[in-house]
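Please have the sequence and the structure open as we go.

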Amino acid sequence: MNREQAEEGRLAEASGEGEEAGREASGVHHRAAAVSGSSSESAPALLLALVDDLFVRSRIDAAAGVADVEVRYVASAQEVAAAVAERPARALLVGMAATRRPWADVVRQVRADPAMRDLYVLAFGPHMNLDLRAQALDAGVDQVVANSAFTRLLPTLLVMPSAPVPEDE
């Protein structure tokens, strides 16, 4: 099975278990830790996230356990570089509501570094804030989605971050 087939399988599995993920949020963390600690299976895919909001983090963590994805929270471009040097990451998720961190500067630094330049960057934030969306695209974000679409499509986006999200979302 090649990587693309594995991602498609995870996508189908993750998108069918969204409600279950919400009900089993506390057990999901334990299952994800057990899977990632298992030596007989390959390590789960790595996703990096620059997200301040604890509510959003809890949703990401719950969905990640179901999708067999490891999420590592980062606060700087240096932390992104260290994580990518350790093992390839599927994407960087950026919460544009992150007011304690200069997320746009982090994205610019990621884009400027040849070792991280190809990392897929998905940002999410308020759907009506067009200035914030423009700022994200100018910084080098690959895709910007509204918070509502991010939350609704989270299981899919964790497995396939580059999945297209309709503009009206």
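When I say buried, I mean under 20% relative accessible area, with exposed being over 50% and partly exposed in between, using a 1.4 Å probe and protein chains only. This is a predicted model, in which local features need pLDDT of at least 70 and side-chain atom pairs count only at pLDDT 80 or more, while totals for chains, interfaces and linings use all residues. Residues are numbered from 1 along each chain as its sequence is written, and side-chain values use heavy atoms, with hydrogens and water left out.

Helices (H or I, at least four residues) and strands (E, at least two) are DSSP runs, numbered from the N terminus. In helix α4, residues 54–67, the buried residues are Val56, Ile60, Asp61, Ala62, Ala63, Ala64, Gly65, Val66 and Ala67. At the start of α4, a side-chain oxygen of Asp53 comes to within 2.7 Å of the backbone nitrogen of Phe55, and just after the helix Asp68 takes a positive phi of about 55°.

Turning to strand β4, residues 121–125, five of its five residues are buried. Val121, Ala123 and Gly125 point one way, whereas Leu122 and Phe124 point the other way. In a regular strand the side chains alternate between the two faces of the sheet.

As for neighbours, where pairing requires that DSSP find at least two bridges between two strands, β4 pairs with β3 (residues 91–95) in the parallel sense over four bridges, and Leu93 stands opposite Leu122. β4 also pairs with β5 (residues 143–146) in the parallel sense over four bridges, with Gly125 opposite Ala146.

Methods: Polar contact = N/O pair within 3.5 Å; in protein donor to acceptor, adjacent residues only side chain to side chain.
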